[in-house]
Amino acid sequence: MLRLTLLVGLLLPLPAAFAQTPPAANSAPAAPEVMIDQIKLADAPLDTVLQLLEQLTGRVIIRPATLPTANYTLVITRPMPKSEAILALETALAMNQVGVAPMGDSFLKVVALPSLRTEVPRMLLGRAADLPSSGTVMAKVFQFDFLRANEFVPQLAQLLNPQLGGPILFEKTNAVMITDSVSTLQRIEALVAELDKPVTANLAPKFYQLRFAKASVLVNQLRTTLQGVVQTQLGSATTYSADDRTNQVILISDPRQHAFFDDLIRQLDVKADPNTRNEVIYLRHAAAKDVASLISQLVSGQNKASSTAGQQSVRPGSVATAANAAPTANAVASAPAAPVVTGLMDSTTEFSSMVTVLPDERSNAVVISGTVDDIRIIRELVEKIDVLLAQVRIEVVIAEVTLSDEASTGIEELGLRIQGDKLVGFNAALAGPSIAANNGTITRGPGTSGGRDLAAEISIQATPRKGNTNILSVPAIVTTHNKEARFFVGESRPVISSYLSDGANMGGGATASFGGYRSTVAQQEIGIELKVKPLIGNDGSVQLDIKQKVEDVLGNITIDNNPQPRIGKRETESFVSVKSGEIVVLGGLQRDSQSRSTSRLGPIPILGDLFGSRRREKGRTDLVFFVRPYVLQNSEADNAEPMSRLEGNPQKEAVLRALRPAGSSSPSP
């Protein structure tokens with residue numbers, strides 16, 4: 001065995017056998033490896049270290065003009081094989097930012113460490129653990145079986161030498177090439193061996209066949225129970241889900257947790273007769289059919305969301321939602337969307353699967369079957385739903401105003417002051433003991449009753465009822481919040497809607513049809529229609545959705561030898577907000593008319609002009625709608641207006657007697 005001593009400044013010549021190439025495989029056994037007695041480098045320059053490496057490896061070193069400079073100190077006093085001495089020198093060079101890359105069997109390329117990755121460092125094809133730990137820079141490809149390369153590589157950043165440029169990712173093959181020291185590659189290799197395993201390596205499934213409980217209900221109970229510290233102890237990998245088809249609970253967890261779930265599920269899967277009962281809730285204001293439908297949709301939606309959440313895989317303490325649940329084919333289009341379970345529901349506010357709600361229209365009640373909690377929850381809901389909606393009495397005056405040449409609208413012709421569609425005053429003097437005028441604004445005098453006839457108010461001297469104004473209708477109706485009221489003034493005319501061929505009856509006889517057609521006649525309403533939908537606020541304000549439609553017969557037109565009315569139509573839509581008792585004025589539904597008159601001899605030339613005159617007249621009319629809503633307070637004050645209208649009615653006493661309850665001397669309020 002050859003022994004060498006390497007000292008700084010004293011490089012002993014190596015024997016010729018030290019630099020010889022290894023013998024061939026079929027030659028004599030190889031000579032024993034050269035042993036180095038010791039290495040002593042004390043503040044040696046880079047050139048000395050490279051020269052020593054060149055002698056130990058027997059290869060020529062190729063280097064650039066500039067390399068990171070440093071003084072090297074390496075002292076090893078024990079004997080060592082030549083290969084260990086080479087590793088020690090390469091490690092010392094790497095620590096000082098100098099890398100060594102082999103170039104075939106005869107050369108070594110020495111470059112700055114950051115450039116080593118592009119200079120083809122040695123490729124490690126085997127296991128890094130088979131090599132001695134050192135700072136020798138090598139490249140190795142890691143192929144993953146279960147880890148995701150793009151997720152795992154960023155976590156290695158703190159383990160790698162940043163001077164070597166980082167790993168190279170191959171996403172299609174789920175692999176990465178890392179260039180670093182042998183010691184670092186060994187650490188990564190050990191880390192990959194520990195982590196590159198299937199996620200379910202320590203998990204085992206278990207199926208619980210339930211006898212009494214429903215799988216989805218039991219899973220919901222588990223989700224509610226396993227919270228807080230218990231959730232942390234179980235870990236995030238533990239999941240359990242319900243299979244209602246086979247009524248099983250599917251558990252995936254560490255086998256050591258199976259005993260815990262065995263005891264828990266056994267205690268929950270017991271026979272328990274539900275405490276169900278029947279209850280009848282009588283309604284005071286709402287319709288039983290509407291209330292039952294609303295509650296049934298709520299119960300169905302909540303149970304559906306809970307069932308969907310139970311069928312999903314649920315980790316302990318996680319929140320299951322029905323947001324991703326697919327809609328069923330039997331879903332009713334008009335039904336409201338099922339509520340989404342956004343959190344764990346309190347057991348006292350969740351319906352059971354046994355609740356049933358049916359309407360009894362005869363007694364206006366809802367019949368409920370369910371647990372005590374079901375009945376309590378539904379009763380609370382019914383109390384909030386079964387409320388008396390606000391009511392409003394809507395008074396309407398429809399006036400037809402003939403317009404003069406100077407007036408552009410009926411409102412202007414009547415001399416009204418309008419602000420925002422509201423009647424605020426008159427451009428004239430007022431009269432009457434209980435009406436006063438203040439700058440043309442209507443105010444009520446002292447002692448005035450709560451209501452006054454709307455037609456009387458708008459027909460006082462301030463709105464002079466001249467010969468050009470005609471009150472067409474004065475209707476009044478009571479409706480509720482968000483319930484449309486309809487007024488119609490006009491006539492119903494028969495019109496032919498279709499003709500059917502009746503040729504089979506042709507040919508004479510008492511039943512013969514000489515025209516060959518049979519007509520279908522329908523009734524068509526022609527007149528003035530007003531639709532009002534009120535939205536009543538808590539502060540007494542009323543929002544009115546008003547639709548006006550006026551139809552007039554302009555003449556006749558002959559269709560298939562049948563005269564048919566030619567109808568003109570005018571429509572408007574308005575949405576106004578008023579206070580209770582304020583008057584809304586709507587106009588603009590104008591119509592132009594033309595008339596012509598002559599004497600009886602008018603058609604005869606010259607004589608018609610001598611014995612009579614010819615006249616042609618053009619006129620314009622405008623329909624003005626006065627609308628006043630009164631919010632009813634469910635008190636005697638609501639009857640003040642209707643009772644005041646009886647004062648001038650010749651049938652006053654007869655009406656009062658009819659309204660008077662049996663055994664009472666005063667009319668019913």
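Helices (H or I, at least four residues) and strands (E, at least two) are DSSP runs, numbered from the N terminus. With that in hand, let's walk through the structure together. This is a predicted model, in which local features need pLDDT of at least 70 and side-chain atom pairs count only at pLDDT 80 or more, while totals for chains, interfaces and linings use all residues. Residues are numbered from 1 along each chain as its sequence is written, and side-chain values use heavy atoms, with hydrogens and water left out.

Here is the overall view. The chain's secondary structure comes to 14 helices and 30 strands. Of its 669 residues, 35% count as buried, where buried means under 20% relative accessible area, exposed over 50% and partly exposed in between (1.4 Å probe, protein chains only). A contact means heavy atoms within 4.5 Å. Among contacts between residues at least 6 apart in sequence, 69% join residues at least 24 apart.

Because 10 of its 14 residues are buried, H2 is largely enclosed by the rest of the structure. Among the buried ones are Ile86, Leu89 and Leu93. What covers the buried residues of H2 includes helix H1 (46–57) and strands E2 (35–44), E4 (72–76) and E6 (98–103). Just after H2, Gln97 takes a positive phi of about 65°.

That backbone angle deserves a word. Most residues other than glycine have a negative phi, and most peptide bonds are trans. Asn174 sits in the loop between strand E10 (168–170) and strand E11 (175–181), whereas Asn247 lies in the loop between E13 and strand E14 (248–253). Asn174 is partly exposed at 21% relative accessible area, and Asn247 is buried at 19%.

Now look at the loop between helix H6 (229–234) and strand E13 (239–243), where you will find Thr238. Thr238 is buried, with a relative accessible area of 2%. Its side chain makes a polar contact with the side chain of Gln257 (2.8 Å). A polar contact is a pair of N or O atoms within 3.5 Å; within protein, one must be able to donate a hydrogen and the other to accept it, and residues adjacent in sequence count only if both atoms are side-chain atoms. A polar atom of the Thr238 side chain also lies 3.2 Å from the backbone oxygen of Leu234.

Next comes a pair of helices. The axes of helix H5 (residues 215–225) and helix H7 (residues 258–268) come within 11 Å and cross at roughly 125°. Axes are lines fitted to C-alpha atoms, for helices over the stretch in contact, and angles run from 0 to 180 degrees between N-to-C directions. H5 and H7 are therefore oblique to each other; angles under 35 degrees count as roughly parallel, over 145 as roughly antiparallel, 65 to 115 as roughly perpendicular and the rest as oblique. Leu218, Gln221 and Leu222 in H5 meet Leu264, Ile265 and Leu268 in H7.

Finally, find Leu298 in helix H8 (residues 288–311). At 32% relative accessibility, Leu298 counts as partly exposed. Not counting residues up to four places away in sequence, Leu298 touches Phe351 and Leu381. Leu298 and Phe351 are 53 residues apart in sequence and 9.4 Å apart in space, C-alpha to C-alpha.
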